[in-house]
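Visitor: Could you take me on a close look at a single part of this protein, and then follow the links from there to whatever surrounds that part? I would enjoy one connected account.

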Amino acid sequence: MPEKTTDALRTAIDQALQANRPRLAKYLSIETVAAKHLGIEETVSVIEQSFQELGAEVTVWRDIPGSNPFVFATLPAGPNGNADKTLLFYNHYDVQPAEPLDEWESDPFTLTEKNGQYVARGVSDDKGELMVRLSAVKALQNTTGLPCNLKFILEGEEEVGSPHIAPMTKKHGADLAADAVVWETGGKDADENFQVTCGVKGTASFNVTAKSAESDLHSSLAAFVDNAVWRLVQGLATLRGPKGEVLVDGFYDGVKPLTPTEQAAIDQLSFNEAATRQNFGLKLPFISDKPAEALINRSTITINGISGGYEGDGLKTVLPKQARAQLDCRLVPGQDPEHISELVQAQLDKNGFSDLHVSYNQGEPAFRSDLTDTFVQTAVATAHEVYGDAVKLVPNAGGSGPEAPFAETVGAPIVSVGSTWAGSGAHAPNENVRVKDFTQAARYTAQLLQNFGQA
């Protein structure tokens, strides 16, 4: 199916993207790493200026204790637009640390264009997506005018778990009111299908610690003395089966069954094993024979890392006195993050490892929009207008994000769409988007706004 975007709008989008390239480069040049408390105010200033140049009303919210600033911007519908319809965009301005630096082929905070790609930290997750959206807004302003009211909310702590989203949405619920929400990012799968994704998995992060002595011991005593690292790995090994199944009593209680519409959406998804293996350099067999379905609706338990004992150069033969592991669980609708960590502790106790201690870090509940919602269907129909038949409706992403607080407060459907592709490498060295996808995503955004305003 050919694009419906008019020639005038297509030209305006191309011009806006070209004109905004220096601003994209400036935005990406800032090392906005929330985990290191870097670049926050400088980034907020760039965002403010970007919105002001579009004529938006911009407010920086600094009223949530302990939080990085939130940037809130509004733009009214144009003279010919629908002032009764409001669309809210969510983005985040913080990025992952760039390390390991020696694996980057160019400076991570310098926008580099090569092989048809934009390369920089944050270009796909999530700074680039904001600039795509602002370019689409500028193009509409220069042609038909804005077809609806627009709101934008940007946070600066997504990469550290969005700890202040819930109090922000509660305090500013009236400001955030909208008929629909477009989430941070999205794009194409390994088969080049454009995905309209309607939710996220939840997550629960927790630590498990073990202590076996008051000090490290000589390893010769291993003949009769246990040690914390062995104790920890043996306990953790009781929590998961060989195919990834979680062996924690009550873990799956409350999981909401898929609706027929959700199951049908999953059934039509494709999964390109060869491309996935190549993109990630995978070495081991898959632990699911239905990876597409597992990514969407299978809960997980993952050891993120283990530390303990001596790991330096040379030899140091010790019995470690303590060990620590960080774990996360990816959850589906119906599972409560904090309760999950409590169940893990109970299971370790039951399995004979009551000396291991579980401490909850933070979590986010899962969320899934109603796939039959009018806005979801508009997003899909618009995708077909821009991308042809290569479109997939996805019930939720395999990753997580703070959608649930928005859904609870705003009470509107949420979809994720954007400019990424299967090789974008978000969070990895050489993070990138393809320039053609960047342009196409701007066209999609403009067309979605037009269709939404007319719906």
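Guide: Gladly. Three strands, in the order 4-5-19, make up an open antiparallel sheet. At its edges stand strand 4 (112-114) and strand 19, each pairing on one side only. From one strand to the next the twist averages 25 degrees. Please keep in mind that this is a predicted model.

Let us begin with the pairing. Strand 4 and strand 5 (residues 117-119) run antiparallel to each other and share three bridges. Within that pairing, Lys 114 stands opposite Gln 117 of strand 5.

Now for the way into strand 19. Glu 431 sits in the loop between strand 18 (414-416) and strand 19 (432-434). Is Glu 431 buried or exposed? With a relative accessible area of 1%, Glu 431 is buried. A polar atom of its side chain lies 2.9 Å from the backbone nitrogen of Gly 122. Leaving aside neighbours within four places in sequence, Glu 431 has contacts that include Tyr 118, Val 119, Ala 120, Arg 121, Gly 122, Val 123, Ser 124 and Asp 125. Trp 104 is also among the contacts of Glu 431, as are Ser 424, Gly 425 and Ala 426.

Helix 13 lies across strand 4, strand 5 and strand 19, and runs at about 70 degrees to strand 19.

Beyond its neighbours within four places in sequence, Tyr 444 is in contact with Phe 194, Val 196, Ala 379, Thr 382, Ala 383, Val 386, Tyr 387 and Val 417. Further along, Leu 449 also has its place in helix 13. Leu 449 counts as buried because its relative accessibility is 1%, and buried means under 20%. Which residues does Leu 449 contact, leaving aside its neighbours within four places in sequence? They are Leu 87, Phe 89, Leu 140, Pro 147, Cys 148 and Leu 150. With Leu 150 the separation is 299 residues in sequence, while the two C-alpha atoms are 9.1 Å apart in space.

Arg 443 forms a salt bridge with Asp 14, with 3.3 Å between the closest N and O atoms. This pair links distant parts of the chain, 429 residues apart: Arg 443 is in helix 13 and Asp 14 in helix 1 (residues 7-29). Arg 443, at 12% relative accessibility, counts as buried, whereas Asp 14 is partly exposed at 36%.

Another salt bridge joins Lys 36 and Glu 99, whose side chains meet at 2.9 Å, N to O. Here too distant parts of the chain are linked, 63 residues apart: Lys 36 is in the loop between helix 1 and helix 2 (40-53), and Glu 99 is in the loop between strand 3 (82-92) and strand 4. Both partners are partly exposed, Lys 36 at 36% relative accessibility and Glu 99 at 39%.

For a local case, turn to helix 8 (residues 273-280), where Arg 277 and Glu 273 lie four residues apart, about one turn of the helix. Salt bridges that share partners also join Lys 188, Glu 192, Arg 434 and Asp 437 into one network. The side chains of Arg 277 and Glu 273 themselves meet in a salt bridge at 3.2 Å, N to O.

Ala 204 has Cys 329 as its bridge partner in strand 14 and Gly 363 in strand 15. Strand 10 is mostly covered, with eight of its 10 residues buried.

Key. Residues are numbered from 1 along each chain as its sequence is written. This is a predicted model: local features need pLDDT of at least 70, side-chain atom pairs count only at pLDDT 80 or more; totals for chains, interfaces and linings use all residues. Side-chain values use heavy atoms; hydrogens and water are left out. Buried means under 20% relative accessible area, exposed over 50%, partly exposed in between (1.4 Å probe, protein chains only). Helices (H or I, at least four residues) and strands (E, at least two) are DSSP runs, numbered from the N terminus. Two strands pair if DSSP finds at least two bridges between them. Contact means heavy atoms within 4.5 Å. A polar contact is a pair of N or O atoms within 3.5 Å; within protein, one must be able to donate a hydrogen and the other to accept it, and residues adjacent in sequence count only if both atoms are side-chain atoms. Axes are lines fitted to C-alpha atoms, for helices over the stretch in contact, and angles run from 0 to 180 degrees between N-to-C directions. A salt bridge is a side-chain nitrogen of Lys or Arg within 4 Å of a carboxyl oxygen of Asp or Glu.
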